[in-house]
Amino acid sequence: MNDGQLGEDADAHVSGRIAARPVVLLSQHFTAEAVTPLRHLLAARVTAAGLSGDDGDDFVLAVHELVTNAVRHGGGSGHLDLRQVDDVLVCEVTDHGAGNDALPVDLPPVHVPGGRGLWLAHQLTSALMLTRRPDGVTATVSVCLTRQTAAAAAQQSAAAGADGRVDASAMEGEQE
């Protein structure tokens with residue numbers, strides 16, 4: 001480490017611990033014809049990563065909005081990359097559209113049709129980042145897996161009686 005430069009692993013060192021290398025869960029080119037099958041494949045990979053229930057559905061819907069935006073406004077096709085880094089799922093949707101129009105993330109007035117995809121993606125995930133490139137746009141969303149896991153554990157703990165048994169009636173809503 002000469003001249004004040006950090007070692008190779010310095011960028012992986014976060015908050016006193018070494019961050020895991022990203023694990024690619026899905027990398028897929030798409031067109032309009034592939035939007036629905038891609039959504040199903042994405043849902044399966046997100047569930048397999050440990051994000052299920054409403055949180056999983058919200059994340060898949062957010063990514064679906066980004067995919068449909070890429071098809072409609074980004075040149076008719078794009079690329080989706082889903083990765084897991086530690087306890088965070090990160091999904092990038094890249095398109096190759098002209099990129100001349102604005103990227104509205106605000107909710108449009110109720111009388112305006114459409115224009116809610118980016119707003120929905122932002123509301124349904126932990127973070128939305130838009131990166132305009134010379135050859136298109138990359139939209140990135142992320143969600144923390146431990147938030148969902150902690151919420152499920154808290155609900156299960158609340159449903160447990162004094163003897164440690166789970167009250168099935170308290171968890172009936174989860175089965176639906």
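Residues are numbered from 1 along each chain as its sequence is written. Because the model is predicted, local features need pLDDT of at least 70 and side-chain atom pairs count only at pLDDT 80 or more, while totals for chains, interfaces and linings use all residues, and side-chain values use heavy atoms, without hydrogens and water.

## The sheet as a whole

The five strands make up an open, antiparallel sheet in the order β3-β4-β5-β7-β6, with β3 (23–31) and β6 (127–133) at the edges, where each pairs on one side only. From one strand to the next the twist averages 15 degrees, angles being taken from 0 to 180 degrees between N-to-C directions of lines fitted to C-alpha atoms, for helices over the stretch in contact.

## Neighbours of β4

Eight bridges pair β3 with β4 (residues 77–85) in the antiparallel sense, and phenylalanine 30 stands opposite glycine 78 of β4. On to β5, β4 is again joined antiparallel by eight bridges, with valine 85 partnered by valine 88 in β5; in the hairpin of these two strands, which has two residues between them, aspartate 86 takes a positive phi near 55 degrees.

Definitions and conventions
Pairing = 2+ DSSP bridges. Helix = DSSP H or I, 4+ residues; strand = E, 2+ residues; numbered from the N terminus.
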